[in-house]
Amino acid sequence: MAQIDDLDDDAPDAAPPWRISRLGWMAYAIAAVVVALDQASKYWVLNVLHLDHQPPVQVLPFFQLTMVWNEGVSFGLLRHTPGWVLTLFAGAVVVVIAAFARRPGRPLFATALGLMMGGAIGNNLIDRLRFGAVADFLDFHRLWFPWVFNVADSAISVGVALFLLDSFLQPGKPPRG
């Protein structure tokens, strides 16, 4: 029987479907790093800087730390939807992404899945369960970017961009899941 480290990511029938390939483990590791960075940055902003009780902190001429509690999803969309609905939806999305991440087949696709999965866990599961809303604090409004966001939002956005790039680089070759 094949060991996890011996799985060939290019051979779809190399192992049973529940086995996780090296690229799958890479996707899960990326997700874990995103969650850790996201939650560490939120801990720092809330418990060290106490930004939730402070005015914005100017870091650079075009960047400041501004505490915003987002009750919606990315960029404040669906903010009037009950939090439990958003949490359940996010949990379902994480389960689907995690299933695709078992054997992603391509490194770029694995990276995209890991970033999206980690961002969804950090924002839409952990924050909503802990706070009832998402803690956003990265503010680049002086660069004409009107939204305040966080590390998990960034990971989701970069993950979606990489997912699209991968689909353009691999036309006609669907990713395995």
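Patches, as the term is used in these legends, are made of residues with over 30% relative accessible area and no salt bridge, with nonpolar side chains joined within 5 Å.

**View 1. A nonpolar patch on the surface of the predicted model.** In this predicted model, the residues V57, V59, L60, F62, L143 and W144 form a nonpolar patch on the surface, and together they have about 610 Å² of accessible area. One of the patch residues, V57, lies in strand 1, which covers residues 57–60.

View 2. Although R106 and G24 are 82 residues apart along the chain, a separation of 9.6 Å is found between their C-alpha atoms.

**View 3. The fold as a whole, as context for the close-ups.** The secondary structure of the protein consists of four helices and four strands, and the elements follow one another from the N terminus in the order α-β-β-α-α-β-β-α. Of the 177 residues in the protein, 42% are buried. When contacts between residues at least 6 apart in sequence are considered, 68% of them join residues at least 24 apart. The protein exposes about 9800 Å², of which carbon and sulfur atoms supply 71%.

Terms used
Residues numbered from 1 in each chain as written. Predicted model: local features only at pLDDT ≥ 70, side-chain atom pairs only at ≥ 80, totals over all residues. Heavy atoms only, no water. Patch = residues over 30% accessible without salt bridge, like charges linked within 9 Å, V, L, I, M, F, W, Y side chains within 5 Å. Areas by Shrake-Rupley, 256 points an atom, 1.4 Å probe, with all protein chains shown as cover. Salt bridge = Lys/Arg side-chain N within 4 Å of Asp/Glu carboxyl O. Helix = DSSP H or I, 4+ residues; strand = E, 2+ residues; numbered from the N terminus. Buried < 20%, exposed > 50% of the residue type's maximum accessible area, 1.4 Å probe, protein only. Contact = heavy atoms within 4.5 Å.
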